[in-house]
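This briefing covers a single chain and is grouped by topic.

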Amino acid sequence: MNKTCLKIGHRGAKGYVVENTIESIEYALNLNVDGVEIDVHKCASGELVVFHDFTLDRITNGSGEISEHTLSELKHLKVKDQYRIPTLKEVLNLIDKKCLLNIELKGKGTVEKTCEMIDLYVEEKGWEYQDFIVSSFQQDLLAEVYKINKKIPLGVLTDTNLDQAVVFGKAVNAVAIHPDYTMLTNTLVSKIKNSGFKVFTYTVNDKKTISRIKNDKVDGIISDFPDRI
């Protein structure tokens, strides 16, 4: 077994508590995770909010695009009848350097604000750049982060083309490739690592698959059930 495999909670601890909520992230922290993965969108009033979908309909009592609602409007919504949509700031204050924070950029306008927040927490709150990893499927967003601040660690998400992800990762000096676990074999993991990247794979939930993926020597597993890793 690979003892150095980081256990990273997917959207907090999505398998136990509703995704991307303060309560889900608290649950993940109580499981002693090495990292937490969250998603961010920019809302209409400019703040970064922690939410996965581009629309509110699936898990809240609201509807329409999250980017078209102000923070005040979003704070009045209920997630699965009982939770609130948190801001990135609230999540940062909760995590407070206890583990790695993987911020996945989702929508337009997320880059500049995310870079500003990371800088603020590094300069004023005692965090280090290595406490963060910024990931996205949208390579233009990662390229933008790289242009703004080359100190911010980047992770290239992919579910289609590993070779292309590695080529792009080199172009933006990424620290990790984040492939869908179904793409991986022992040989491919070795190939990515030999190219100079860590491999953080998602979303691995059942124990048998977790065991197989760990044997492939990945550096981290993103899971809805991080305590299974």
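A polar contact is a pair of N or O atoms within 3.5 Å; within protein, one must be able to donate a hydrogen and the other to accept it, and residues adjacent in sequence count only if both atoms are side-chain atoms. The side chain of H41 meets the backbone oxygen of D53 at 3.1 Å. The model is predicted: local features need pLDDT of at least 70, side-chain atom pairs count only at pLDDT 80 or more, and totals for chains, interfaces and linings use all residues. Residues are numbered from 1 along each chain as its sequence is written, and side-chain values use heavy atoms, with hydrogens and water left out.

- H41 is located in strand 2; helices (H or I, at least four residues) and strands (E, at least two) are DSSP runs, numbered from the N terminus.
- The relative accessible area of H41 is 3%, so H41 is buried (buried means under 20% relative accessible area, exposed over 50%, partly exposed in between, with a 1.4 Å probe and protein chains only).
- A polar atom of the H41 side chain also lies 3.0 Å from the backbone oxygen of H52.
- Not counting residues up to four places away in sequence, H41 touches E47, L48, V49, F51, H52, D53, F54, I66, K106, G107 and T110; contact means heavy atoms within 4.5 Å.

**Helix 4**

- Helix 4 spans residues 110-124, 15 residues in all, and its first and last C-alpha atoms are 21 Å apart, close to the 21 Å expected at 1.5 Å a residue.
- That expected span is 1.5 Å times one less than the number of residues in the helix.
- The buried residues of helix 4 include T110, V111, T114, C115, M117, I118, D119, Y121 and V122.
- Among the elements covering these buried residues are strand 2 (35-42), strand 3 (48-50), helix 3 (88-95), strand 4 (100-105), strand 5 (132-136) and helix 5 (139-148).
- Just after helix 4, G126 has a positive phi of about 80°.

**Aromatic rings and charges**

- The whole structure contains 5 aromatic pairs. Rings of Phe, Tyr and Trp (its six-membered ring) pair if their centres lie within 6.5 Å; planes under 30 degrees apart count as stacked, over 60 as edge-to-face and the rest as tilted.
- The ring centres of Y16 and F225 are 5.2 Å apart and the planes are at 85°, so this pair is edge-to-face.
- The pair links distant parts of the chain, 209 residues apart: Y16 is in the loop between strand 1 (6-10) and helix 1 (22-30), and F225 is in the segment after strand 9 (220-223).
- Y16 is partly exposed at 34% relative accessibility, whereas F225 is buried at 18%.
- Another edge-to-face pair is formed by Y121 and W127, with 6.1 Å centre to centre and 90° between the planes; both Y121 and W127 are buried.
- Y16, Y27 and F225 are linked into a cluster by ring pairs.
- The charged end of K125 sits over the ring of Y121, 5.5 Å from the ring centre. A charge sits over a ring if NZ of Lys or CZ of Arg is within 6 Å of the ring centre and within 35 degrees of the ring normal.
- The charged end of K150 is placed over the ring of Y146, 4.6 Å from its centre.

**Cysteines**

- There are 0 disulfides in the structure; a disulfide is a pair of cysteine sulfur atoms within 2.5 Å.
- For C5, the closest cysteine sulfur is that of C99 at 15 Å, too far for a bond. C5 is buried, with a relative accessible area of 10%.
- C115 is in no disulfide either, the nearest cysteine sulfur being that of C43, 18 Å away. The relative accessible area of C115 is 3%, so C115 is buried.

**Backbone and loops**

- Most residues other than glycine have a negative phi.
- R11, in the loop between strand 1 and helix 1, has a positive phi near 55° and is buried at 11% relative accessibility.
- D96, in the loop between helix 3 and strand 4, has a positive phi near 45° and is partly exposed at 41% relative accessibility.
- G64 lies in the loop between strand 3 and helix 2 (71-75) and is partly exposed at 29% relative accessibility.
- Beyond its neighbours within four places in sequence, G64 contacts F54, T55, L56, D57 and H69.
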